[in-house]
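Visitor: I would like to learn how to read a fold from its elements and contacts. Please take me through one case.

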Amino acid sequence: MSEVLYFQLGDKDKISLPDLSKAFRQISGLLADFDAAVSQDRRGTVKWEVTVLQKSSPPLLGVTGTPVKRRKETAAPIDNVRRVNAAVVKSVALLSHDNQRSSTLSDALMQRVRFLAVQTKRIGPIQVYTNGDRAPIDSHTLETIQNLTGKSHVSDGSIVGKLDTIAVHNNDEIRVWDE
C-alpha cells in the first residue's frame, strides 16, 4: 500500500464548513496539478482516495494515491505516487523554509499554495507531511510566494520578429512558443 500524504488543517478547535470545503478543493487541485507536473501527463497518473478523515482538534485529511491504468495500456501503470508525495512536501518545504521555488512548482501550483496560505489566517498553520517529511503552509509561506510572484521590475521595450501564439489559461503565467 502506498504511503499516506497528510494535511493537518490548522491548529484551532473548530473549522467552518466553508473553510473546510475551500481547503479540500484546493488540496484536490494541488494534488492533480502536482501529478500532472511530475508525470508530464496533463491527465495525471494517480487516483487519490481519502484514507484518513479526522474531525478531532485539529482536523486531519489523509490521502493515498494509486496508479491509474488507462484503457489502451497493456503494460502496468507507472507508479508516480511516491514522486508526487515527495514533490508536494519538498515544494512546500522549499517555499516555507528556504524561500525558494522547486522545479515542479508552476505559477498555477504556487497560486493554490498561496490560497491555502491565505486560509491560515483563519484556521491556523497547515501541516503537510508523509511518514518521514513535514512542511508547513503558514504566513511565512504566503510572504515567500508574494515575494516570488510580485513584480520585480517594469520596463518598456520592443521585440523584432513574428509572434506565433500566446496562450493564457486564467493564470498569471504566459507561455509563448514558436512551432
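Visitor: Which residues of α2 are buried?

Guide: Bear in mind that this is a predicted model. The buried residues of α2 are V81, V84, N85, A87, V88, V89, S91, V92, A93, L94, L95 and S96. The helix has 18 residues and reaches 25 Å from its first C-alpha to its last, close to the 26 Å expected at 1.5 Å a residue. Just after α2, N99 takes a positive phi of about 55 degrees.

Visitor: How many helices and strands does the protein have, and in what order do the elements run?

Guide: There are 4 helices and 7 strands. Starting at the N terminus, the order is β-α-β-β-α-α-β-β-α-β-β.

Visitor: How many bridges hold the pairing of β2 and β3?

Guide: Strand β3 covers residues 60–67, and its antiparallel pairing with β2 extends over 8 bridges. The two strands form a hairpin with 5 residues between them.

Visitor: How should I read the nonpolar core, and which members touch the most others?

Guide: In soluble globular proteins, nonpolar side chains tend to be buried together. In this model the largest nonpolar core has 34 residues, of which L5, F7, L9, F34, V88 and I137 touch the most other members. The elements giving two or more residues to this core are β1, α1 (17–39), β3, α2, α3, β4, β5 and α4 (139–149). The most comes from α2, with 8 residues.

Visitor: What is L5 in contact with?

Guide: Setting aside neighbours within four places in sequence, L5 is in contact with L31, L61, G62, V63, N85, V88, V89, V128, Y129 and T130. There is also a second, separate core of 5 residues, which includes Y6, V52, L60 and Y129.

Visitor: S91 lies in helix α2. Why does S91 count as buried, and which polar atoms does its side chain meet?

Guide: The cut-off for a buried residue is under 20% relative accessible area. S91 counts as buried because its relative accessibility is 1%. A polar atom of the S91 side chain lies 2.8 Å from the backbone oxygen of A87. The side chains of S91 and T104 are joined by a polar contact of 3.5 Å. Leaving aside neighbours within four places in sequence, S91 is in contact with F34, S102, T104 and L105.

Visitor: Both F24 and G29 belong to helix α1. Is each of them buried or partly exposed?

Guide: F24 is partly exposed, with a relative accessible area of 28%, while G29 is buried at 12%. Not counting residues up to four places away in sequence, F24 touches L9, L53 and L61. The C-alpha atoms of F24 and L116 are separated by 9.8 Å, although these residues are 92 residues apart along the chain. For G29 and R112, 83 residues apart along the chain, the C-alpha separation is 7.6 Å.

Visitor: What do the totals for the protein say about burial and contacts?

Guide: Of the 179 residues, 41% count as buried. Among contacts with a separation of 6 or more, residues 24 or more positions apart account for 64%.

Conventions: Residues are numbered from 1 along each chain as its sequence is written. This is a predicted model: local features need pLDDT of at least 70, side-chain atom pairs count only at pLDDT 80 or more; totals for chains, interfaces and linings use all residues. Side-chain values use heavy atoms; hydrogens and water are left out. Two strands pair if DSSP finds at least two bridges between them. A nonpolar core is a set of buried Ala, Val, Leu, Ile, Met, Phe, Trp, Tyr and Cys residues joined through side-chain atoms within 4.5 Å. Buried means under 20% relative accessible area, exposed over 50%, partly exposed in between (1.4 Å probe, protein chains only). Contact means heavy atoms within 4.5 Å. The expected span of a helix is 1.5 Å times one less than its number of residues. A polar contact is a pair of N or O atoms within 3.5 Å; within protein, one must be able to donate a hydrogen and the other to accept it, and residues adjacent in sequence count only if both atoms are side-chain atoms.
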